[in-house]
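Good morning, and thank you for coming. Please look at the structure on the screen while I take you through some of its parts.

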Amino acid sequence: MDPSRKRKVRFVVALSVAVLLAGALVYTSFSASSEARTPSQLMTSSEKGKVYKLTGKVEPGYTRKGTTTYFRVRDRAGKGSVPVSYDGTLPDPFREGREVIVSVRRQGEGFVGEKGSLITKCPSKFTAEQNKT
Amino acid sequence: MLIAGKACLILVLATSLYGIAASLYGARTGRREWVASGRRAVYAVAATTALAFVILEAAFLRSDFGFTLVTTHSSTTTPAFYRATAVWSSQEGSLLLWLLLLSLWSSLILFLTRRRLREIAPYATAVLLGFAVFFAAVLVFLETPFQQASPAPAEGMGLNPLLRHPSMMIHPPMLYSGYTLFAVPFAFAVGALITRRLNADWIRGTRPFTLAAWFFLGVGIVLGARWSYSELGWGGYWAWDPVENASLMPWLTGTAFLHSVMIQERRGMLKIWNVSLVLATGVLAILGTFLVRSGILDSIHAFGASTLGVPFLALIVTMIVGSIVLVASRASDLRSDHKLDSLLSRESVFLLNNLVLVAMCFVIFWGTFFPLISEAITGEEASVGPPWFDQYTVPLALMLVLLSGIGPVIAWRRATASNLRRNLLKPALAGLVVLAVLAALGAASEPAALLMFGLGAFVLAAVSQELWRGVRARRAMSGDAAPRALVQLVRRNRRRYGGYLVHAGVSVLFIGIAASSSFQDEKEVLLKPGQTATVGAYEVTYVKPTADLKAAPNGRLEKIDFGARLRVTRDGEKVADMTTVKSYFPSLAPFLGPISRFFEGEATSEVGLQAGWRRDIWTAIAPDIGSLRPRIEEGDKVFSGANLSPEQRDAFLGQALTGLTRSYANDPPPATFRLIVSPMVTWIWIGALIAFLGGLIALWPPPRGARSRVTAGYAAKVGREVRIPA
Amino acid sequence: MDLLLVLVVVALIALLVSAPLRRRGALEEEESAERAELEAARDAKYREIRDAELDHRTGKLSDADWRAQDRALRAEAVDILRRLDELGPGED
């Protein structure tokens, strides 16, 4: 095979590999992702066993029993709220009224948070880092 | 001084616009005095921005609460060091710092190349000033640091306690230095494309800045990881968080660029790759700057939350479109001088390196922006977590380490079998031996980590072999003893051996990452004083609680610490005594009671860290202050009811808080502990240090060798070739 | 006070930026610019020659390739030196 043909072949092979990898990437990202939901959206419809990324504000009055915290997450601007139980240490900025992001799974009437997935947003507008456990 | 500050920024904007006009006019008409004027405009911008910055710094240092920014980000109880650095904890101050650094580096490069790259420099000046115009306009019209607070309050809100750490204060200037330094090769690449001067001159002229950018951005990233690990309460160093990813992406393409240009310089190949990589790095640097402060990914659906979203997006789109148009229209000038001769060659390895780094960047990009992508495609916003990122970045990282071992030792153009044997055999054997030994010791349970250990050993062996061979070559040429030969070798070939050192450091870093993530033991447990928990091979005992009031330098109460003393033992032998606390900072919110305000403000963890060569023991505590709540509420009521003078108030407040802390210490409720034993974390930081040392060596200007006045005439007369200073 | 400072800054900027426009003597600038460019090219060429030799000694460049490269690079270096000579004696 003359060099220029060899190069064309190489290029086609490389391009195909890249396309295949990109395809795998795209496919797995859609299947491995968890949808973002607000509390109202979760209240309306939620599949059992599916993991959702819940965002909202922490309602006043949360309790701790042992290492588990029981709190409610409310819509940012709205009335809907859902109960969440989360096992593990809370991030430092965790407070009533703060915005949180937590991956949850439905269990009965409430939701169970995945360990290590709770992120509390720092209150100042410009922050260098989010906080998570 | 507010007016002076605002005026400075307006002057910066005006001068930048003038500079662009002067540079372009001078370039088009060939009138060099206008080009010089445009260059001086950059110096003027740097000086004026510095003045504005000094005005702002002074306001922070003297706690001038007439400046809104000082009120919202500092306080009289903030120590001086943090008052100085609080400037860039704010959106506006950080943008000003960005502009300052950009103008300083721009001034430096234009001064250093004032007699060179004469066709390209005016366009590069225009591009750099273009960035200045953007940031100055944002500072003048959208986010001014010189906002007046009237009436000026007596006390500021204080610096976010989470930022009260030296790392966190050096981290932004390091990152911004990295981003703004990358603007320099970006600007010169644009200039080179516009003027069609696409040989390696623009690359050579800007190389120190590219290297420095790589260095500072890398330091910034590692500092961020270190801060996350030792200061935050979760015990990890990397979370694939959008903010982290934003800084990593330009670093990856910048690394690819630094390597790929070697091929252009040696063999005139990969020209399109090089301009594309540096243009992409510039775009990603701006994207990174934008991502951190825009809120489009941290908060969902908050595209309009920050006023900066639209302008930054416009800038990024302009940069992308402009880059594509430039490269496409200059494609004929970017043709390679040579073609790839063989897949087994240095050129090929470097090309593969480009592909791996770009692939890694693409994976991270896709994962970071997936919430926006999925919303655009499916209407549902979804996100991917660390496991998805790891799935792709781990194999790519393994390939990267492998390439970093092969690259330096493989031959140019065509590596024959005997060549490969000579250069790769011993390092490959070293890698395999390490692999086998560790597998026998039980590391085979984590194949990816095991492979990384083997590859790391391979790279370290390859680097050692290179050093050995270089010393041997040097001795053959100069007859020096080995130590002196080594020093001279590195001194005279800083880029090469600095680079090899970087590879060694990066391998050590990856070994540390592999070990600490794959063989980690972690536990979260509720403990009462006296109780013990087992983590990995260690027993951790909660010895006794601690509770202290901490005062600021000016005497006011800074924070309350609740924590624990822990004892760590292994097989009955004491390993360490550790302390970990949670600090509670008071809030200034007016609706809070005088006692409870101390428990409703920010809280930070003081992690207990026992670092070691073989493993780190990491502990954090979440004390249960719920049991104190009844007393806190009672205290609030008592205080609001009583009629006290300010001194009496302070005195009784002190007493009440002391009482609270004592009661916690005497009868502590069970506290939640997070305990982690991570092997070889220290090697991550050591690897990074080695890599940055290598970067410094590569950056250092070469020694000015003996300026032998050899002229071409002499050489021709003698009839032999020029004698090169060795 | 603020106004005074601002006026001083404006004056300084104007002076700095207009200086090249008021000056003569562009010709020497041209010469020194060309010299700087050639000197940089020469240093870079020396470095390339050294790099190639080190690559050869450490087994990354075959004998044939090295001889060819070395010859070409040295010819380019001689060319740069000749152009530097043509510029005339420079300040050192």
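Let me begin with a definition: the bounds of a domain come from an automatic or database domain assignment. With that in mind, chain A is divided into domain 1 (1–33) and domain 2 (35–132). The centres of domain 1 and domain 2 of chain A, taken over C-alpha atoms, are separated by 40 Å.

Two remarks on conventions. This is a predicted model, in which local features need pLDDT of at least 70 and side-chain atom pairs count only at pLDDT 80 or more, while totals for chains, interfaces and linings use all residues. Residues are numbered from 1 along each chain as its sequence is written, and chains are lettered from A and ligands numbered from 1 in the order in which they are written.

Which chains touch? Two residues are in contact if their C-beta atoms, placed from the backbone, lie within 7 Å. Among the 2 pairs of chains that touch, chains B and C have the most contacts. Chain A and chain C are joined by no contact, and their closest C-alpha atoms lie 19 Å apart.

I turn to the contact between chains A and B. Chain B gives 47 residues to this contact and chain A gives 34 residues. Helices and strands here are DSSP runs, numbered from the N terminus: helices are H or I with at least four residues, strands E with at least two. On the side of chain B that touches chain A, H12(B) gives the most, with 7 residues.

Strands also meet across this boundary. Two strands pair if DSSP finds at least two bridges between them. Strand S1 (residues 34–37) of chain A and S1(B) run antiparallel and are joined by 2 bridges. There, A:Ser34 stands opposite B:Ser383.

Within chain B, an open sheet of 4 strands has the order S2-S10-S9-S8, with antiparallel pairing. S2 and strand S8 (608–610) of chain B each have a single partner strand and stand at the edges, so one side of each is left without a neighbour in the sheet. S2(B) pairs with S10(B) over 7 bridges in the antiparallel sense, and B:Lys523 has B:Leu675 in S10(B) as its bridge partner.

Finally, consider helix H2 (residues 32–61) of chain B. Is this helix buried or exposed? A residue is buried if 20 or more other C-beta atoms, placed from the backbone, lie within 10 Å of its own, exposed if 12 or fewer, and partly exposed in between. In H2(B), 22 of the 30 residues are buried, so this helix is largely enclosed by the rest of the structure.
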